[in-house]
Amino acid sequence: MTTLERARCELKAHPLALDAALAAAVLVCMVAGSLATPKDGQGVTWGTHVPAPLSLLLMLLAAVALVFRRRAPRTVLALTGTLSVVECVTGDPRAPVTMSAVIALYTVAATTDRTTTFRVGLLTMTVLTAAAMLAGPLPWYAQENLGVLAWTGIGATAGDAVRSRRAVVQAIRDRADRAERTREEEARRRVAEERLRIARDLHDVVAHHIALVNVQAGVAAHVMDKRPDQAKEALAHVREASRSALNELRATVGLLRQSGDPEAPTEPAPGLSLLEELAGTFRSAGLPVEVARTDQDTHLPAAVDLAAYRIVQEALTNVRKHAGAGARAEVSVVRVGRNIEITVVDDGSGETGAPGTHPEGTPDSAPEEGGGHGLLGMRERVGALGGTLTTGPRYGGGFRVHAILPVSTTDTRIDGRTTAPGEPV
C-alpha cells in the first residue's frame, strides 16, 4: 500500500479530522479571497484591503460550522447560509463567506435524495442571490451577484452527482453480493439434489441385488444336500448378482471422486435396453416376469432412460419382497404421444403386509418395511423429470405402479453431465 493510499484510509477512518482539514482549507481560501480588491479599469490588486473584524468573525464561524457538516448537514447549511446573508448585508466590500454555504449545500445534496436537493438548493440559491442583489453594496446586475447564483447551483449539482454515483456503485455491489449468494445457494441446492440422486441410485442397486442374493442363497441352503446341482446354479446366480451390484456401486460411487482421483468408470448408466436382462435376473430368482414393449424406436434422454429402468427395478424388487409366494409380474413400456408410460403390475396377495402393497390401502407414499424409501424414491425421480407416478392396490388383488415420463427433458443433470432434449441413449 502506497503512502497516498494509506493516508486516504486514515482519513476515511477519521471523517471528523477530514472535515476539520477541509474547514481549515476553506477558511484560508475565504481570507485570501477577501484580500483581493477590484479597481476600476485596473483589474484585481492583491493585499490592498484588510477584511473588517466582523467579516473575519463571520468567516471563522462559517469554517468552524463546516467541521460538523457530516453530522448535521442541514443545520450547517442553515448556519452558513445565515452567515453569508449577514456578510452580504454588512460587508463592503464583501468577503467570500458564501463559499462555506456552497460546501454545506454540496454536503446536503450528497447525503439526501434528489427531491430534497432540488428544494433545498432552490431555496439556498434564491435567498443568497436575492440578498446579494437587493441588500449588497454592488449593483444588482454585478458579476459577483451572478457568481453567487452560479456557485450555489454548481454545489447542489455536484453533490447530487456524487450521491447518484455512490448509489450506482452501491447498487452494483449489492447485485454482486446477491449474485454471489445466489450462486452459493444454487451450488448448495445442486449438491443436495445430486446427493439425493446418488442416494436413490444406491438404494435401487442395493435393494435389487441384495434381495436377489438373499433369495438365491436361501434356495442354495435349502437344496444343498438333496440337489447339489440346483444349489450350484443358485450360488452362480448369487455370484452374478453380487458382481453386478459391485459394478453398479463402483459406477455410482465413482461420481463422488475428485478431479485428482483415478478415472471413474466410463460405462453408460443402465437403461431400458437392459430391461430383458433385468427381468431375467428376477426370473432366475423365482419371480415370473412378462415384458411387453412398444417403444423400440424411441430414443430417450439419458435421465428418462435411467429413471424408467430404476422404476421397473424398484417395482419388481418390491414385488419379490412383498407380493408373496406364487406372485407373477407384468411389465409394459408404451410410447403414448410425447410421453413414455411404464407399468408394473403383480397379482400377489401381499402376505407380508408391506406398507404400500397390501390391499388394505396403506398410502403408497409410505416407506417400505424396514425403513426403505423405494416408492418415495420413484416418486422423486418421476417428479424431477416433470412426470407423474401412480401407485396403489389393484382391484381383485395385487399392486400396480404406473409412471408417465416425458420423452424430452431440458437441462437434466445425470451422472455429472447435462443432457439435451431428445439426446439418444
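Me: In which sense do β4 and strand β5 (residues 339–346) pair?
Reply: This is a predicted model, in which local features need pLDDT of at least 70 and side-chain atom pairs count only at pLDDT 80 or more, while totals for chains, interfaces and linings use all residues. Residues are numbered from 1 along each chain as its sequence is written, and side-chain values use heavy atoms, without hydrogens or water. Strands (DSSP E runs of at least two residues, numbered, like helices, H or I runs of at least four, from the N terminus) pair if DSSP finds at least two bridges between them. Between β4 and β5 there are eight bridges, one of which joins Arg335 to Ile340, and the sense is antiparallel.

Me: Which residue in the hairpin of β4 and β5 takes a positive phi?
Reply: Two residues lie between the strands of this hairpin. The positive phi, near 60°, belongs to Gly337.

Me: How many bridges join strand β3 (residues 289–293) to strand β4 (residues 329–336)?
Reply: The two strands run parallel, with Val291 opposite Val331 and Ala292 opposite Ser332. The number of bridges joining β3 to β4 is five.

Me: Which are the edge strands of the open sheet?
Reply: The sheet has five strands with mixed pairing, in the order β3-β4-β5-β7-β6. Each edge strand pairs on one side only, and these strands are β3 and β6 (388–393).
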